[in-house]
Amino acid sequence: QRDYVLSLVFQWISLVKSAIENDEHGLMEQYHDELRRISTMNFRFRENGDPTDFASGAAELMFDYEPSVILAGSAFTKEYKPELAKALLERMNPENVLITVSDQDLDKENSPHADSETSLGASEWQTEQWYRGKYREEKIPQAVMEKWKTPEIDPRLKLPDL
C-alpha cells in the first residue's frame with residue numbers, strides 16, 4: 001500500500017498548495033486562527049502531569065523561548081503569513097523527499113513488483129556499521145516523481161469546512 005499512501009501524501013500537499021495560492025476568502029488564515037484558539041484552550045485547560053516530565057520539558061523549551069514565556073511559549077502561535085506558508089510548501093516536493101519504509105517483510109521484496117512503482121527489488125542490501133541494521137537505498141523513478149509533482153487529486157480529499 002506504500003505507493004497508494006505516498007500518492008495520497010503528494011495529493012494532499014498539492015491540495016493545500018492550491019488552497020493557499022487561490023485563497024481569495026482568507027480560508028487558510030481562518031484555519032490558522034482556529035488552530036491558534038485550540039492551542040490556547042489546550043494551554044488554559046491542560047491537566048497536571050508528572051512534575052519531572054514538566055521540569056524536563058520546561059528545560060528543553062529554554063532553548064526556544066525567552067524565560068518570561070517559557071511555560072506558555074509553545075501554546076502561542078504568531079500571525080498567519082501566507083508567503084511563509086507558500087515557501088514551506090514549495091519545499092515539500094518529490095525532489096526533496098526522503099522516504100523511509102519499515103516493514104518486517106521488506107527483505108522478501110527481492111524482485112520488482114509489477115504493481116509497485118517504488119519497489120526496492122533492484123537495489124542491494126547494505127549493513128549499517130554501528131547497529132548492523134540492514135537497509136537499502138533506491139532513487140525514486142523519474143516517472144513516479146513527475147506523477148507526484150502534478151497529481152490528480154482524489155475527489156474524496158477536501159479541506160475541512162470551518
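V5 counts as partly exposed because its relative accessibility is 46%, where partly exposed lies between buried (under 20% relative accessible area) and exposed (over 50%), computed with a 1.4 Å probe on protein chains only. The model is a predicted one, in which local features need pLDDT of at least 70 and side-chain atom pairs count only at pLDDT 80 or more, while totals for chains, interfaces and linings use all residues. Residues are numbered from 1 along each chain as its sequence is written, and side-chain values use heavy atoms, with hydrogens and water left out.

The chain contains 5 helices and 2 strands, which are DSSP runs numbered from the N terminus (helices H or I, at least four residues; strands E, at least two), and their order along the sequence is α-α-α-α-β-β-α. Of the 162 residues in the chain, 23% are buried.

Helix α1 spans residues 2–21 and includes K17, and V5 also lies in helix α1. K17 is buried yet has no salt bridge, the nearest side chain of opposite charge being E90, 4.5 Å away; a salt bridge requires a side-chain nitrogen of Lys or Arg within 4 Å of a carboxyl oxygen of Asp or Glu, and for charge, Lys and Arg count as positive and Asp and Glu as negative, with His and the chain ends not counted.
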